[in-house]
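Here is a briefing on helix packing. Look through the model first, then read the points grouped by topic.

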Amino acid sequence: MHQPFSLPAANRVNTHRQAYALLLLGVVFLFIAWMGILNPYALGVLLFGLGMLGVAPLNPGRYLSAGWLTTSLGVATFLMFRNYIPASQVLTAHLLAIGLGLLGISWMAHRGYTSRGEVTPGLFVVGVGVIEFLQAAHLTPSPLVPFALSLWLPGSGLFVLGLVALMTSGSISINAKHNQAETHVHSGKAPLDPAKDCIRP
């Protein structure tokens, strides 16, 4: 018995599960932030990265590289604001964190977990650099740093990512079926009908 649409269906299910897990984590972190628990400990960036890493196994193509890079920066940020890293070594710590993050992403691409031409890590690093520049120039809103360090960041960030994953899961499944149909056409075969295919011996 052939099951030509089993792989797209499995991907769609995993994407939905990942989206629901992100939404759940977002709600949990938002509740903890509203309660005022852990907000003073500069864990926002770190927990945001760990949240993405936690749901990445459901669909490694999404959020794995961004989660790893965010977690690396989160560790440096936590150590910096807890005064484990002197102020003179802040830039060095961030460079080491970004380097370790990019090395991890390179390993993921080598293992096939992410695509080799992915631009997300580069855009992420550029975004961090822009924020650091604006903060040094005192051009960022005053609530930005407390928000990024508190659990409001992972709560709102993971919740938004969950909504985005839900909204894009339908288009991903449609594109997968379309690509599969094109593969059959280019190979000289007509796309199989799952209903007819199931009754074949």
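H3 passes helix H4 in a right-handed crossing, where right-handed means that the near helix is turned clockwise from the far one by less than a right angle, and left-handed means anticlockwise. The model is predicted: local features need pLDDT of at least 70, side-chain atom pairs count only at pLDDT 80 or more, and totals for chains, interfaces and linings use all residues. Residues are numbered from 1 along each chain as its sequence is written, and side-chain values use heavy atoms, with hydrogens and water left out.

**H3 against H4**
- The axes of H3 and H4 (residues 90–111) come within 9 Å and cross at roughly 160°; axes are lines fitted to C-alpha atoms over the stretch in contact, with angles from 0 to 180 degrees between N-to-C directions.
- H3 and H4 are therefore roughly antiparallel, a label for angles over 145 degrees.
- On the H3 side, the contact (heavy atoms within 4.5 Å) includes Leu64, Trp68, Leu69 and Met80.
- On the H4 side, Val90, His94, Ile98 and Met108 are among the residues met.
- The residues of this H3–H4 contact divide into 14 nonpolar, six polar and no charged. Nonpolar covers Ala, Val, Leu, Ile, Met, Phe, Trp, Tyr, Cys and Pro; charged covers Asp, Glu, Lys and Arg; the others, Gly among them, are polar.

**H2 against H3**
- H2 (residues 44–55) packs on H3 (residues 64–81) at about 155°, with the axes 7 Å apart.
- This pair is therefore also roughly antiparallel.
- H2 passes H3 in a left-handed crossing.
- Val45, Phe48, Gly49 and Met52 are among the H2 residues in the contact, and Thr70, Thr71 and Gly74 are among those in H3.
- The H2–H3 contact holds eleven nonpolar residues, five polar and no charged.

**Thr70**
- Thr70 lies in H3.
- Thr70 is buried, with a relative accessible area of 2%; buried means under 20%, exposed over 50% and partly exposed in between, with a 1.4 Å probe and protein chains only.
- Leaving out residues up to four places away in sequence, Thr70 touches Val45, Phe48, Gly49, Met52 and Phe124.

**H5 and its end**
- H5 (residues 120–136) has 17 residues, and at 1.5 Å a residue should span 24 Å; its end C-alpha atoms are 24 Å apart, which agrees. The expected span is 1.5 Å times one less than the number of residues.

**Whole protein**
- The protein has eight helices and zero strands; these are DSSP runs numbered from the N terminus, helices being H or I of at least four residues and strands E of at least two.
- Buried residues make up 33% of the 201 residues.

Technical notes: Parallel < 35°, antiparallel > 145°, perpendicular 65-115°, else oblique.
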